[in-house]
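Trainee: Could you take me through the aromatic rings here, please? I would like a close look at what sits around them.

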Amino acid sequence: MLDVMSFSYPFQTLLLGCVAAPTRRYFCRTRWCHVQATPPSSVILNADESGKFSEKIHATNLASGKGAPFATQGSTVGIIGGVSVDATLKFLRKLVELSSEDGGNSIPFVLCSDPLFSKELLSFERSYFVSSTSRAENLKLDSSPIVESLRNKRVFLENSGASCIVMPCNVSHSWYEQVCEGCSVPVLHMAECVAKELKEAKLKPLEAGSPLRIGVLATNATLAAGFYKEKLQNEGFEVVLPDRATMEHTVIPAIEALNRKDMEGACNLLRIALQVLLVRAANSVILASDDMRDLLPPDDPLLKKCVDPMDALARSTVKWVKSSGHIIHE
């Protein structure tokens, strides 16, 4: 079962959790506090198999990340939520399933999810290229509040006992270097995880004598940041990006259709965008968009040609924890 500790503040929710073995039962009770100025002190009570509450965890001065860490196990993963809460939860599910495949406990985690920050990220992403007819790509958007928020969350997770930190959000990696500066624990890069897995897969070019080509389909904000292109090229791949016509006539209209809840229209436009990249002799296409990831049905043939960065990040996270000596036991 999923054992989760939840701290609720005016502007963010923090989750501390792990998956217990099926034969063991844990219960936790949360004291909910709401204040306007400073975060409250929360007390979490854990029960043993008899239902008796025996262990208390005190959370104090959480705004600054000071005080005793929540997590004391060396395998704890710190997670910074991004644009989509659904995407963050899906990443958690992948992490839990992958790390508990052998029947043991999953990797413990601390999750920092901030709804207001998610809205700020979404606003940045949409403003970067407003629509197919109203371009805003050259706007000088101020991302300093986003960087500051990401750094604060990183510091909080770092001080909470996380042994590594991940961001299951594509656009958040636009500021990866600024967020990681001065961090005492590794921060896994999603694009680097994807590139390394593709390298290890030992793919063969679609055409003899041609280089290995990998397509990237994402929002304009993610593509403009350039980190997927950089990480893939570092591994020796030739990168295929959608041209302006593809962005204007398929990708952006697909996102607009998705925002209108026109799922069929969004799905059809996404198929066209993927086919355009595959026709350009791309071996695979990285679907680096939280919005578009779940548009295609599971049995769609095009999906077999796509790479989900969330899967790569989850696998790399489990691999890092195990390779660092923090083996998970029951």
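Mentor: Happy to! Let's start with a charge: the charged end of K153 sits over the ring of F117, 4.8 Å from the ring's centre. That label applies if NZ of Lys or CZ of Arg is within 6 Å of the ring centre and within 35 degrees of the ring normal. Before going on, note that this is a predicted model, where local features need pLDDT of at least 70 and side-chain atom pairs count only at pLDDT 80 or more, while totals for chains, interfaces and linings use all residues. Residues are numbered from 1 along each chain as its sequence is written, and side-chain values use heavy atoms, leaving out hydrogens and water.

Now to ring against ring. The structure holds two aromatic pairs, meaning rings of Phe, Tyr and Trp (its six-membered ring) with centres within 6.5 Å; planes under 30 degrees apart count as stacked, over 60 as edge-to-face and the rest as tilted. F124 and W175 make an edge-to-face pair, 5.1 Å centre to centre with 65 degrees between the planes. This pair links distant parts of the chain, 51 residues apart: F124 belongs to helix α2 (residues 115-128), and W175 to the loop between β8 (164-166) and α4 (176-180). Helices (H or I, at least four residues) and strands (E, at least two) are DSSP runs, numbered from the N terminus. Both F124 and W175 are buried, that is, under 20% relative accessible area (1.4 Å probe, protein chains only).

In the pair of F227 and Y228, the ring centres are 5.1 Å apart and the planes meet at 35 degrees, so this pair is tilted. F227 is buried at 5% relative accessible area, and Y228 is buried at 3%.

Note on methods. Buried < 20%, exposed > 50% of the residue type's maximum accessible area, 1.4 Å probe, protein only.
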